[in-house]
Amino acid sequence: NKSAKPRQRPKVIPLQMDANFFYERAVRSLDRFHYEKALKYFRRAVEFEPDNPVNHCNMAGILSEMGQYGESNKILQHIVDRLEPRMTECYFYMANNYANMEDYVSAERAIVQYLENDPHGYYLEECEEMMELLRQALGRPVTVGSIKSREIWFEHDRARTLLEEGRFAEAARV
């Protein structure tokens, strides 16, 4: 039939579905507070790049936002154990998750681990707040080892404890 229009070729745009594609989709879903979709997309990003600790960390963050703290901590522990031990912020995130689960002893362990492994960490101020929360929840000061960057802060905390116990001379020396 001569009156028929010539057939047009469909315009096909190649779509590269890789980890970056799913990461961008996840971020867009997060911006819209669509956590289930964001989690789905971060999981797909992890499938494409299973050795990328950032994708795993993002997935753990979404799980935490959804109240799935235990699952989030499993992923965070996997990151520091197998993927990237230098991602010390995972310990801080785990401490937050444990605190949300009211497992204050585990939160204490995680926060101390963060401080011991990252003396110049991004979350140092937040750690002070969390340690105060843990002190109140546990009814005692947080048990710390050797945290070089915060030695003065811990001395101050020790002095405050001595004051609270009425040991004024010792507190003054500290």
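In the predicted model, the side chains of Glu170 and Arg167 meet in a salt bridge with an N to O separation of 2.9 Å, where a salt bridge is defined as a side-chain nitrogen of Lys or Arg within 4 Å of a carboxyl oxygen of Asp or Glu. Glu170 is partly exposed, with a relative accessible area of 30%, and Arg167 likewise counts as partly exposed, at 37%; on this scale buried means under 20% relative accessible area, exposed over 50%, and partly exposed in between (1.4 Å probe, protein chains only). Arg167 also forms a salt bridge with Glu165, the closest N and O atoms being 2.8 Å apart, and Glu165 is partly exposed at 46% relative accessibility. Through shared partners, these salt bridges join Glu165, Arg167 and Glu170 into one network.

A further salt bridge links the side chains of Arg86 and Glu84, at 2.8 Å from N to O. Here Arg86 is exposed, with a relative accessible area of 69%, whereas Glu84 is buried, at 18%. The search of the whole structure finds six salt bridges. Residues are numbered from 1 along each chain as its sequence is written. Because the model is predicted, local features need pLDDT of at least 70 and side-chain atom pairs count only at pLDDT 80 or more, while totals for chains, interfaces and linings use all residues, and side-chain values use heavy atoms, with hydrogens and water left out.

Helix α6 (residues 104-117) and helix α7 (residues 124-138) pack at an angle of about 150°, with their axes 10 Å apart. α6 is therefore roughly antiparallel to α7, given that angles under 35 degrees count as roughly parallel, over 145 as roughly antiparallel, 65 to 115 as roughly perpendicular and the rest as oblique. The axes are lines fitted to C-alpha atoms over the stretch in contact, with angles running from 0 to 180 degrees between N-to-C directions, and the helices are DSSP runs (H or I, at least four residues) numbered from the N terminus.

On the α6 side, the residues in contact (heavy atoms within 4.5 Å) are Tyr104, Val105, Ala107, Glu108, Ile111, Tyr114 and Leu115, and they meet Leu124, Cys127, Met130, Met131, Leu134, Ala137 and Leu138 in α7. By class, this contact has 13 nonpolar, no polar and one charged residues, with Ala, Val, Leu, Ile, Met, Phe, Trp, Tyr, Cys and Pro counted as nonpolar, Asp, Glu, Lys and Arg as charged, and the others, Gly among them, as polar.

How values were computed:
Helix = DSSP H or I, 4+ residues; strand = E, 2+ residues; numbered from the N terminus.
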